[in-house]
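Student: I would like to learn how to read a few features of a structure, one after another. Could you take me through them slowly?

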Amino acid sequence: MPSLFEFANPKKFMDLSGSLLPWLVAAAALTLGAGLLLGFTTPPDYQQGDTVRIMFVHVPAAWVAMMAYGVMTVASIFGLVNRHPLADIAARAAAPIGAVFTALGLITGSLWGRPMWGAWWVWDGRLTSFLLLLLIYLAYIALNDAIENETRAARASAVFAIVGAVNLPIIEFSVQWWTTLHQGESILRKGGPTIAPVFLWPLFLMALGYTFLFFVFWTIRIRSEILNRRSRTLLEMRAG
Amino acid sequence: MNARKRRRIAFVASLLLGGAAAAVLVISALQDNVLYFYSPSDVYTKKVSAGTAFRIGGLVQKHSVKHDSGMKMQFVVTDGARTVPVEYSGDVPSLFREGQGVVAIGRLNEGGLFQADQVLAKHDEKYMPPEVVDALKRSGEWQKGQ
């Protein structure tokens with residue numbers, strides 16, 4: 001796959017990502033703006049009233065939290081198999097962003113649960129497995145930071161990330177395997193979504209917006225890590 | 001693809017398989033401890049003994065909610081096959097109503113009455129504006145086949 005690995009060259013990556021970044025920021029601003037506008041102007045839900053609007057910030061946060069972990073896992077696999085420093089950097093860069101989206105999903109879910117269910121938190125399969133996602137992110141970050149040598153840190157945390165990926169299907173199917181207080185699947189189900197189109201539009205726009213936002217932060221973090229390593233090498237060369 | 005790379009891919013595959021196997025073992029060991037609530041049918045088949053704390057979930061049976069004096073209330077939880085009567089005193093969530101999903105936390109007494117310390121509302125996965133619901137009700141399509 002020479003076409004893909006051409007961009008694994010840090011110089012080429014810096015050029016490409018530098019020109020791509022403004023477009024990513026514009027796409028994020030546009031979709032988030034449109035999503036919020038629609039989200040505040042949809043009619044209320046027949047059961048949940050205006051509280052339904054929490055869905056537009058909660059559900060995309062949970063999706064992107066899981067997508068970020070998927071991205072981190074793929075980067076970790078490339079790091080282990082191809083031994084390319086850029087893959088190591090990409091995996092490490094995704095973790096704190098994923099953790100923030102996970103925390104956002106937990107906080108918005110709690111704020112939604114209190115008025116609708118009558119509880120801020122319950123230990124059901126969905127909530128517990130999603131809390132586990134946050135703990136896995138935090139453990140990954142701690143492990144990565146605890147090892148001084150960059151290459152060794154990347155190897156160890158890649159192994160951890162790949163094993164931890166088993167939690168993703170558990171989160172997804174928790175509401176089917178077990179009885180939960182959290183609702184069942186609304187979108188990917190037989191017979192189509194059970195969410196009216198008027199709610200689906202803001203939901204998908206916000207999901208798109210969060211996704212762009214993830215890639216904006218991810219790109220910035222990868223770029224700054226590359227620059228960081230470059231400047232460290234320069235300083236070492238001067239000192240040495 | 002050289003031998004070293006093939007070995008690394010096999011290592012990654014073994015990590016994924018090992019993680020999945022560990023998860024399957026843990027989940028099967030936990031069994032129904034991972035269930036958040038029992039349905040009324042589970043209560044009968046598992047023969048839950050009186051005084052054991054657990055959660056019961058199902059739908060609030062239509063025309064079953066009765067308010068006694070003060071905060072005391074009674075309702076029946078059903079899963080379509082079996083029913084369990086519930087007694088509770090306190091506030092209920094705003095989504096609590098007849099025909100809706102509910103989870104009650106408490107214990108059965110000797111007479112088979114579930115005494116709840118807490119009542120939570122479980123809403124379904126349907127979202128629509130009120131006008132759509134009204135239109136469905138007018139055309140007779142509302143809650144068909146449920």
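Student: Which residues does A:Asp45 touch, not counting residues up to four places away in sequence?

Tutor: Some conventions come before the reply: this is a predicted model, in which local features need pLDDT of at least 70, side-chain atom pairs count only at pLDDT 80 or more, and totals for chains, interfaces and linings use all residues. Residues are numbered from 1 along each chain as its sequence is written, chains are lettered from A and ligands numbered from 1 in the order in which they are written, and side-chain values use heavy atoms, with hydrogens and water left out. Contact means heavy atoms within 4.5 Å, and on that basis A:Asp45 touches A:Val52 and A:Phe199 together with B:Lys126, B:Tyr127, B:Met128 and B:Pro130. A:Asp45 itself lies in the loop between H2 and H3 of chain A, where helices (H or I, at least four residues) and strands (E, at least two) are DSSP runs, numbered from the N terminus.

Student: How are the rings of A:Phe215 and A:Trp218 arranged?

Tutor: A pair of aromatic rings is described by the distance of the centres and the angle of the planes. Rings of Phe, Tyr and Trp (its six-membered ring) pair if their centres lie within 6.5 Å, and planes under 30 degrees apart count as stacked, over 60 as edge-to-face and the rest as tilted. By this rule there are 13 aromatic pairs over all chains. The centres of A:Phe215 and A:Trp218 are 5.8 Å apart with the planes at 65 degrees, so this pair is edge-to-face. Both residues lie in helix H8 of chain A, three residues apart, about one turn of the helix.

Student: Is A:Trp218 buried or exposed?

Tutor: A:Trp218 counts as buried, because its relative accessibility is 16%, whereas A:Phe215, at 25%, counts as partly exposed.

Key:
Buried means under 20% relative accessible area, exposed over 50%, partly exposed in between (1.4 Å probe, protein chains only).
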